Amino acid sequence: MIIDALSLSPTAQAAGLIGAVLLEAMVLHVGYGVVTNALAPNVKRALGGE
Amino acid sequence: MELLGMSLLLVGFFVGFGLLIGILFGFFGMGGSFLVTPALLVMGYPSRVAVGSGLAFVFGTSVIGALRHRDHGHVDYKLAVIMTVAMTLGIEAGKRVVDALHAAGNADLVISVAYVGLLATVGLFTLRDARRTDATTSVDLSERVQALEIPPMVTLRGDVRVSASIIFGIGLVVGVLSGLLGVGGGFLLMPAMMYGLGVPAAIAVGTDILQITISGAFGSFVYARDGFVAIPVVATLLAGSALGARIGAGVSNIVDEDDIKGYFATMLLVGSVAVAAKRVGTVYDIGVLNTVSIALIFGATIVVSGAILLAAVCQLRDDNSGFWCHLFLCTNLITARPLQPRDTNARFDV
């Protein structure tokens, strides 16, 4: 079922926007977490001059 | 070529700006709306869109910051709940003060003067504290506050025992000022928790960020209901700040906040000058002052986030002999003090 966002009430649209920002934040948090966990030791070694 | 209805250059700008703000936010627990909203205003976004988008961005960034600080055990939920309730009431009261000032016809002047005065006062206080070799002032104040046995008493993380009524009172005052000035309140809440209540810096940052998450969600919801949030701007800023917040929180594990406090104080003082310049520029229609204002805001963001990264590199290298480390030490001596020895086994956990 496809929901037309513009047909929703302003309150529902605002709640959807907050949910979208929260979802993006969580996805970025997890995604960057995977990347930084993989790269952090090498970056730390490189910055530390080893 | 366009992405999200913006040119790639603009997308890159927002991602980069978000990255720098994320570093400041992850490290200090503040610097969101204080930096983003004026930047969007100067870029030509309508004021309500600038405020609404700034709040939505701060909400997204603080979610990430709060998760990181929760992982490190840096959040005191008791303190956050009391502060949130008190600040919500205070913000409502602050809005009523603004309405009354609008009715009297002098709201803009009073708000601008109060903003400049507060930023300058907190900046000078922090700078003085950063230049001290001991911590007697803050210890004296927080010890006096903790000695006040006004029920109910609560025990916070870091074994801090303090009156919940006093916490509520501080939250109320900060809330009134937040509502009056239209800012998140991080730059007021942080010093209040650290110097007033004696809460350890890491707990103050973590709790502050959680509180900002809640108030940011509420604020952006209110603006989004009226259609005043620019989603592409928020999405791109968040893409940068999500990484920056991880870096900032990770650096806070290896760099003593006291080493950067002078830069933080300078950023607040520059912020007060920027707001004053913008105000004078608007009143007397001097366009160049608006440019000076935004240059100061962007400049302070770049310099302070750069100083944080430089301090981290210097700590990791542990020799301070390189050009950049030497530069950092020279400039930091002007603002505060040289880098202090730190646990070299501390984790750079991003």
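In which hand does H1(B) pass H3(B)? H1(B) passes H3(B) in a right-handed crossing. A crossing is right-handed if the near helix is turned clockwise from the far one by less than a right angle, and left-handed if anticlockwise. Helices here are DSSP runs of H or I with at least four residues, strands are runs of E with at least two, and both are numbered from the N terminus.

Some ground rules come next. This is a predicted model, in which local features need pLDDT of at least 70, side-chain atom pairs count only at pLDDT 80 or more, and totals for chains, interfaces and linings use all residues. Residues are numbered from 1 along each chain as its sequence is written, while chains are lettered from A and ligands numbered from 1 in the order in which they are written.

Back to the helix pair. H1 of chain B covers residues 8–28. Its axis and that of H3(B) come within 10 Å and cross at roughly 40°. Axes are lines fitted to C-alpha atoms, for helices over the stretch in contact, and angles run from 0 to 180 degrees between N-to-C directions. That angle makes H1(B) oblique to H3(B). Angles under 35 degrees count as roughly parallel, over 145 as roughly antiparallel, 65 to 115 as roughly perpendicular, and the rest as oblique. H1(B) brings B:Gly22, B:Phe25 and B:Gly26 to the contact, and H3(B) brings B:Thr61, B:Gly65 and B:Arg68. Contact requires C-beta atoms, placed from the backbone, to lie within 7 Å. By class, this contact has one nonpolar, four polar and one charged residues. Ala, Val, Leu, Ile, Met, Phe, Trp, Tyr, Cys and Pro count as nonpolar, Asp, Glu, Lys and Arg as charged, and the others, Gly among them, as polar.

Stay with B:Arg68 in helix H3 of chain B. Is B:Arg68 buried or exposed? B:Arg68 counts as buried because 23 C-beta neighbours lie inside 10 Å. The cut-offs are 20 or more other C-beta atoms within 10 Å for buried, 12 or fewer for exposed, and partly exposed in between, with C-beta atoms placed from the backbone. Leaving aside neighbours within four places in sequence, B:Arg68 is in contact with B:Gly26, B:Ala245, B:Arg246 and B:Ala249. B:Gly206 is 138 residues away in sequence, yet 8.5 Å away from B:Arg68 in space, C-alpha to C-alpha.

Now turn to chain A. Its secondary structure comes to one helix and zero strands. Of its 50 residues, 12% are buried. The contact between the chains takes 18 residues from chain A and 25 residues from chain B. On the chain B side, the elements giving two or more residues are H3 (47–71), H9 (201–225), H10 (231–251) and H12 (287–317). H10(B) supplies the largest share, eight residues. The chain B side divides into 20 nonpolar, two polar and three charged residues.

Look at H10(B) against H1 of chain A, residues 10–47. Their axes come within 9 Å and cross at roughly 35°. The crossing is right-handed. Residues from H1(A) in this contact include A:Leu17, A:Val21 and A:Tyr32, and those from H10(B) include B:Val234, B:Leu238 and B:Arg246. The contact divides into twelve nonpolar, two polar and two charged residues.

The largest nonpolar core has 110 residues. Such a core is a set of buried Ala, Val, Leu, Ile, Met, Phe, Trp, Tyr and Cys residues joined through C-beta atoms within 7 Å. B:Val234 and B:Ile308 have the most contacts inside it. Not counting residues up to four places away in sequence, B:Ile308 touches B:Ile23, B:Phe27, B:Gly248, B:Val251, B:Val255 and B:Ile260.

Finally, the backbone. Most residues other than glycine have a negative phi, and most peptide bonds are trans. The bond from B:Pro151 to B:Pro152 is cis, with omega near -5°. B:Pro152 lies in the loop between helix H6 (136–147) and strand E3 (153–156) of chain B. B:Asp159 is not a glycine, but has a positive phi of about 60°. B:Asp159 sits in the loop between E3 and strand E4 (160–163) of chain B. With 7 C-beta neighbours inside 10 Å, B:Asp159 counts as exposed. B:Asp285 also has a positive phi, near 55°. Its place is the loop between helix H11 (257–283) and H12 of chain B. B:Asp285 is exposed, with 8 other C-beta atoms within 10 Å.

Note on methods
Contact = placed C-beta atoms within 7 Å.
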